[in-house]
Amino acid sequence: MMKLHKTLLLILILTLVACKNNTKDTVEINTDQKNNTIEKEKKTSKPRYNLNTVVLSNENVVDFLTWYGELNPETKIEIETEFGNIEVELEKKTPLHRANFIYLTKKNYFNSTFFHRVVKNFVVQGGNSDESLTKKDRKRIGNYLIPPEFISGLKHDYGALAAARSWDDNPDKLSNPYEFYFVQNTKGEHHLDGEHTIFGKITKGFEVLDQIAAQKTDKGEYPLFNIKMKINVIK
């Protein structure tokens, strides 16, 4: 009888140990499965913004452009005109303005706009037009301004790309997201340093810039003939 009791006790102990080990194994398996599921969800998570429906505003512009810029790191664009092409390198040190320009380019916004202000030996400005499509595109994309990104070392040299802005009631020097200009003065326009955000420079096509600057304008500095553009991301 004593032997039987010892045998039963041994069986009971072995059963408890086995159950404990099985429970531990199950917990470890469940933990691994949970971690794998989390990693999978991260990889397949929905984007923070829906590019088909997002409308930009002063409230969401910094967050959106930061997010968009991380997903779209391109820095080189090409502007096609009837006078030839201009290649531009965008500045990584001004991430908001770079991301904004890439975003508008990929939205094909600029393809309905002109170089609408031409001042020889000063600047050539683009990004607007008198066509209704331009107004519709702006309404669709959003009404917003971009905080300035003034970087030491980025100057208004010949060929510099900078953001236009209003000088009236704009103490923070917020940039117009839709309009830009190139410095056409070969000596530069350094009195504008610290007033407008520079976010790129021409790398090829200076002769095209000069041809645009040579076009005749009315008294409002608007070219007598529309100077259309098409902008593409090249790298």
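Visitor: Where does Asn176 lie?

Guide: In this predicted model, local features need pLDDT of at least 70 and side-chain atom pairs count only at pLDDT 80 or more, while totals for chains, interfaces and linings use all residues. Residues are numbered from 1 along each chain as its sequence is written, and side-chain values use heavy atoms, with hydrogens and water left out. Strands (E, at least two residues) and helices (H or I, at least four) are DSSP runs numbered from the N terminus, and Asn176 lies in the loop between strand 5 (160-163) and strand 6 (180-183).

Visitor: Which residues does Asn176 touch, not counting residues up to four places away in sequence?

Guide: Contact means heavy atoms within 4.5 Å, and on that basis Asn176 touches Leu145, Ala163, Ala164 and Arg165, leaving out residues up to four places away in sequence.

Visitor: Does Thr94 count as buried or exposed, and why?

Guide: Buried means under 20% relative accessible area, exposed over 50%, and partly exposed in between (1.4 Å probe, protein chains only); Thr94 counts as buried because its relative accessibility is 0%. Thr94 lies in the loop between strand 2 (84-90) and helix 3 (95-106).

Visitor: In what order do the strands of the open sheet stand?

Guide: Strands of a sheet pair through backbone hydrogen bonds, either parallel or antiparallel. Two strands pair if DSSP finds at least two bridges between them, and here the open sheet of 8 strands has the order 3-4-6-5-7-2-1-8, with antiparallel pairing. Strand 3 (117-119) and strand 8 (230-233) stand at the edges with a single partner strand each, so one side of each has no neighbour in the sheet.
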